[in-house]
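Q: Could you take a close look at one part of this model with me? I would like to follow the disulfide and then the helices, step by step.

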Amino acid sequence: MRIGELARLTGVSTRSLRYYEQHGLLRARRGANGYRHYAEEDVRLVSEIRALLAVGFTLEDTRPFVDCLRSGHDSGGSCPESVAVYQRKLAEIDDDIRVLLARRAEVAAQLADSCEGCFFRGET
């Protein structure tokens with residue numbers, strides 16, 4: 001399939017597909033006319049990339065998942081390298097949550113100090 005069809009099937013712009021290719025995540029074959037041609041399996045790869053990006057992974061984070069799918073696994077997250085990325089990302093999210101909870105507590109304390117009796121959303 002050509003790049004326009006892959007874009008339509010995945011809901012991704014042709015510019016993004018070229019970007020993924022530039023970073024080695026997609027491998028387009030070139031026809032005699034120079035047009036990019038993609039395999040059916042590339043739909044799955046692009047879908048995996050988009051799903052991971054949507055939940056906060058970086059483009060580089062997606063590489064082990066794409067490699068896992070390319071090696072024949074049913075899930076991009078079933079390889080040890082992908083599991084390591086999942087674990088690292090969860091640790092990052094946990095750190096972010098800790099930081100946000102500490103900031104929230106500080107802001108809530110400042111509000112309580114400056115406005116006795118003020119109600120704020122999320123108050124427990």
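A: Happy to. In this predicted model, C68 and C79 are joined by a disulfide, with an S to S distance of 2.1 Å. The structure holds one such link. About its S-S bond the angle is 80 degrees, which makes the link between C68 and C79 right-handed. C68 belongs to helix α4, residues 63–70, while C79 sits in the loop between α4 and α5 (80–114), so the bond ties together parts that are eleven residues apart in sequence. What about exposure? Buried here means under 20% relative accessible area. C68 has 2% relative accessibility and therefore counts as buried, and C79 is buried too, with a relative accessible area of 9%.

Staying with α4, we can turn to its packing with α3. Two packed helices are described by the angle between their axes and the distance between the axes. For α3 and α4, the angle is about 155 degrees and the axes are 10 Å apart. Angles over 145 degrees count as roughly antiparallel, so α3 and α4 are roughly antiparallel to each other. The crossing of α3 past α4 is right-handed. On the α3 side, the contact is made by R44, L45, E48, I49 and L52, and on the α4 side by F65, V66, L69 and R70.

Helix α3 (41–54) also meets the buried residues of α2, which pack against α1 (3–10), β1 (29–30) and β2 (36–37) as well. In α2, residues 14–22, the buried residues are L17, Y20 and E21. They cover an arc of only 100 degrees around the axis, so they lie on the same side of α2. After α2 comes G24, with a positive phi near 80 degrees.

One last stop is helix α5, where K89 is placed. This lysine, K89, is buried, with a relative accessible area of 12%. Leaving out residues up to four places away in sequence, K89 touches G56 and F57.

Technical notes:
Residues numbered from 1 in each chain as written. Predicted model: local features only at pLDDT ≥ 70, side-chain atom pairs only at ≥ 80, totals over all residues. Heavy atoms only, no water. Disulfide = S-S within 2.5 Å. Helix = DSSP H or I, 4+ residues; strand = E, 2+ residues; numbered from the N terminus. Buried < 20%, exposed > 50% of the residue type's maximum accessible area, 1.4 Å probe, protein only. Arc of directions from axis to C-beta. Contact = heavy atoms within 4.5 Å. Axes fitted to C-alpha atoms, helices over the stretch in contact; angles between N-to-C directions. Parallel < 35°, antiparallel > 145°, perpendicular 65-115°, else oblique. Left-handed = near helix turned anticlockwise from the far one by under 90°.
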